[in-house]
Amino acid sequence: MATAAITAERENYLNQEYGIKSWLLTVDHKRIALLYLLSITFFFFIGGFFALLIRLELLTPVGDLVQADTYNKLFTMHGQIMVFFFLIPSIPAVLGNFLIPLMIGAKDLAFPRINLLSWYLYIIAGALMLHCMLTGGVDTGWTFYTPFSTAFSNTKVIEAGLAIFISGFSSILTGLNFVVTIHRMRAPGMTWDRLPLFVWAHYATSIIQLLGTPVIAVTLVLVVLERALHLGIFDPTRGGDPLLFQHLFWFYSHPAVYIMILPSMGVVTEIIPCFSRKRIFGYKFVALSSISIAVFGFLVWAHHMFVAGISLYAALIFSALSYLVAVPSAIKVFNWTATMYKGSITFSTPMLYAFGFIGLFLMGGLTGLFLACLGIDVHVTDTYFVVAHFHYIMVGGAVMGYLGGMHFWWPKISGRMYPESLGRLAAVIVFLGFNLTFFPQFILGYLGMPRRYWQYPPEFQVLNVLSTAGSTILAVGYVLPMVYFLWSMRYGKAAPDNPWNASGLEWMTTSPPPTYNFDTPPVVDWEAYDYEHIPAPQEARSGG
Amino acid sequence: MADSPIAVEQHNPALKHHFATMEQQREASSLGMWLFLATEIMFFGGMFCAYLIYRYWYFPDFAAASSSLDITLGTVNTAVLICSSLTVVMAVRAAQLDRRKQQVIYLALTLVLGLAFLGIKAIEWTSKFKEHHVPGATFNFEASLPGHPEQPVDQHHAQLFFSLYFAMTGMHALHMIIGVGIFSYLLYHAWKGAYTSEYHTPLENSGLYWHFVDIVWIYLFPLLYLIDRKK
C-alpha cells in the first residue's frame, strides 16, 4: 500500500492535466462524474431552497409568506428540479459514472464522448430550466397533468417541458453507456456472478432509463405540441383523453422512482458487507431482486390513478401487482439484515447512512403498501400521507444512499479522508432532521390535510411547525458534508488505496486512480465480497 | 510480439484507447445502436398507443379522415423509402468489399431518396394546410362517415386523427432529417476513404438507424392511409 507522501505525488486523474479546458473537454469518466457532482449539487440546493420556502409558508395556517400562485410554482419547481435534475442523475451519473468502469476493471465507459455529451445535454436542460424559473416559472405540479398544463396554465409549460425532454436524453445516454459497458467491457474473470451488486443495481436502473424515459419524452412532446400548435391528443373538448396522459406519464414516472432507489440499494449493498466484514447473504437473490424490481416497476403505474376514473378491474389488478413489488424489496432488506447477523460491525459514517437507509426505506416501503390498498388509497390520495410516503423513499431512501456512497468512496474520488466524527454527526443529524420533517406529514395526511395548498385549517399547525423545524435541521445535515468534503480536499488526511479494506476492484488501484484506472489491466480470479479472506483495517478506521 | 494478430490490430487508427480489440469495439457500438433503437421503439410506442385507443373509440371518423390522405403520394413515398433501405445495404456491402466508388454512389443515392421522401411529405403537408385539415382554430373537415352518406364526420374526432397524423409523420420526418444529416457526414467520409472492410462500424450502425426509420414508416403508412380503402 502506498504511503501518504507517495500518493500525493503520484500521477492521477486529478493532477494529470490542469485548466478549465481539461475539464470541459474531458472524456475521462471520473472527471465527468465530478462535473456531474458539481452540477447536481447546485440543483440540489436550488430545489432545497424551494423546499424551505414551502416549509416556511406552511409554518402558519394562513397564506402570509407567498400567494397561492407563487406557492403553486414553488412546489412545482421543487419537484421538477429535485426529480429530473437531482435524483434521477444523482447516484448513476456521479457514483455510477465514477465507479462502474473501476468496479469491472475497464479503462473507461464504452462511449466516453457520449458520456460527455450527456453531461452537456444535462447542462443545456438545466440552463433552460433555470431560465424558465427566473422568467416566471411553471405551476402545473411536477406531473404536468392535462388539460391544466395544455389549455389553462398561463405559465411557462413549454419551456419546462422542453428542459425535461432534453434532460431525458441525458438520462437515456447514461443508461445506454452503462448497459453496453457492463456487457462488453468487463475485465477477464469478471463474470456476471462476480459483478459487484452496485453494478447489478445500475444495470437494472439503466434498463428502466432506456425503456421508460422515451415514453415521457414523447408525452412531453405531445403536451408541447398541444400548447404550441393546438394538436388535440389530450384535449377532452375534442374527444381526447386526459387519462391517456396520466397513463403515459406514470408509465415512466413510476419506474422513475426505481431509477432513484435502485442505485441507492446498490450503494447500501456495497457498504453493509464491508462494515460487517461478511460476504453478502444471498448474492444471486440480491442481484435478481434488482432486475425484478425493474421489471415489476413497469407493471404498476396505474396505482397513481386509482381515483382518476380507471375501471375497478384495472384498479384491482394494478393494486395486486403493486403488492408484488414488495417481494423483491423485502428480499433485499432481509438479505442486508442477514449479512449483518453475526458480522463484526463498525459504526462508521457510511454504515450509519446504510442503517438510516434501511430504516427509512422500510417506512417508505410499508406505507407504499397502504397506498397500494384500494380502500386506504381513496382515503389518503392527494394528502400529505402520499407526500410523506414518497419522501421516505426518495429522500430517506435515495438521498441517504447517495450520501452514504459519497462518504464510502470519497477517499477514492478525492484521495483524501473526511473527518470521521463530523461525518457521523452529520449522518445522525440527517436521520433525525428527516424524521422530524416527514413523520408528522404521515399524521397530517391521515387526518386529511391535502397536498399542494398554501394554507390549512389551524388545528394542523402544531404538526406543520414540527415539520418545518425538522426541515431546518435536515438542511444543516445536508450542508455539513458539503463543507467538510470541501475542507478535506485541502486539509484532509491523504487516503490510502483501500481505507476500509473493502473487496471491490475499485479499491485495488490507487486513490485517486490514474487516468486509465489501472496501471496493469486486472484479471479477476476471486469471488465477490470475499470478506472472509480480507483482514479488517487496523489504523485507517478512526481517522478523525 | 509485433507480428501477433492482436498487436497488429492495435495499430488500427480507428481503435479507441479503452478497447482491447477492434472486435470488442465493434460489438460495443453495435449493442449501443440496438439499445438506442429500443428507446426509439418506446418513443414511437407512446404515439402508436394513443393512435390505437382513439382509432378504437372513433373508428368511423378515423376511417373518413384517413381517406382524405393522398394515397398515391403515400404509396410512392413507401416505395422510395424501401429503395433507400436497399441502397444503404448496398453501401455497407460495398464497404465490406473495399469498393469505395460504389460505396459513395450508394450513399449518394440514399441521400437523394431520403430527400425525395421529405419533398413528397412536404407537398402532402402543404395541401393539408390549404384544405384546413391542420388542427387548431381554422380546422374544417367536411365529409360523411363511410357507408353513411347522410351522417357527417365529427369535426373533433377528425381533428384527433389529424393531430395524430401530424405528430406521427412529423416525428418520423424529424428522424428522416437527422438521418439525412448523418448520411451526408458518412458520404463525405466515405469519399475520403474512411470505411474499409476492416472498419465500417459507423456505416453499419447508421444503416440500422435508417432501416429503423424506414420500418416506422412501414407501420405508419397502413395505419394512417389505409384504414378504409376497400372499394
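Reply: Start with a definition: a residue is buried if 20 or more other C-beta atoms lie within 10 Å of its own, exposed if 12 or fewer, and partly exposed in between. Also keep in mind that this is a predicted model.

Me: ok, so A:R277: buried, exposed or partly exposed?
Reply: A:R277 has 17 other C-beta atoms within 10 Å, so it counts as partly exposed. This residue sits in the loop between α9 and α10 (283-297) of chain A.

Me: what's the phi of A:R277?
Reply: It is near 55°, a positive value in a residue that is not glycine. A:K342 is another non-glycine residue with a positive phi, about 60°.

Me: and where is A:K342?
Reply: A:K342 is in the loop between α11 (312-340) and α12 (349-372) of chain A. With 9 other C-beta atoms within 10 Å, A:K342 is exposed.

Me: zooming out. How many helices and strands does chain A have?
Reply: Chain A has 16 helices and zero strands. Its radius of gyration is 23 Å, close to the 24 Å that the globule rule gives for 544 residues, so chain A is as compact as a globular protein of that length. The C-alpha trace spans about 70 × 45 × 45 Å along its principal axes.

Me: how much of chain A is buried?
Reply: Buried residues account for 57% of the 544 residues in chain A. As for contacts in chain A between residues at least 6 apart in sequence, 86% of them join residues at least 24 apart.

Me: pick one helix. What about the length of α15 in chain A?
Reply: Helix α15 of chain A covers residues 420-447, which is 28 residues. At 1.5 Å a residue it should span 40 Å, and its end C-alpha atoms are 41 Å apart, which agrees.

Me: where is the kink in α15(A)?
Reply: The kink is at A:L436, about 25°, shortly before the proline A:P440. After α15(A) comes A:G448, which has a positive phi near 110°.

Me: speaking of prolines, which peptide bonds are cis?
Reply: One of them runs from A:T146 to A:P147, with omega near 0°. A:P147 is in the loop between α5 (112-134) and α6 (148-152) of chain A. The bond from A:S511 to A:P512 is also cis, with omega near -15°. A:P512 is in the segment after α16 (461-491) of chain A.

Me: new topic. How many residues does each chain put into the contact?
Reply: Chain A puts in 30 residues and chain B puts in 29 residues. On the side of chain A that touches chain B, α7 (157-184), α8 (197-229) and α9 (242-276) each supply at least two residues. α8(A) gives the most, with nine residues.

Me: what kinds of residues are on that side of chain A?
Reply: They divide into 20 nonpolar, six polar and four charged.

Me: now chain B. How do β1 and β2 pair there?
Reply: Strand β1 (residues 144-145) and β2 of chain B pair in the antiparallel sense over two bridges. B:L145 stands opposite B:H148 in β2(B). The two strands form a hairpin with two residues between them, and B:G147 in the turn has a positive phi of about 85°.

Me: is β2(B) tucked away or in the open?
Reply: β2(B) lies largely in the open, because zero of its five residues (148-152) are buried.

Terms used:
Residues are numbered from 1 along each chain as its sequence is written. Chains are lettered from A and ligands numbered from 1 in the order in which they are written. This is a predicted model: local features need pLDDT of at least 70, side-chain atom pairs count only at pLDDT 80 or more; totals for chains, interfaces and linings use all residues. Two residues are in contact if their C-beta atoms, placed from the backbone, lie within 7 Å. Helices (H or I, at least four residues) and strands (E, at least two) are DSSP runs, numbered from the N terminus. Ala, Val, Leu, Ile, Met, Phe, Trp, Tyr, Cys and Pro count as nonpolar, Asp, Glu, Lys and Arg as charged, and the others, Gly among them, as polar. The expected span of a helix is 1.5 Å times one less than its number of residues. The bend at a residue is the angle between axes fitted to the seven residues ending there and the seven starting there. Two strands pair if DSSP finds at least two bridges between them. The radius of gyration is taken over C-alpha atoms; the globule rule is 2.2 Å times the number of residues to the power 0.38.
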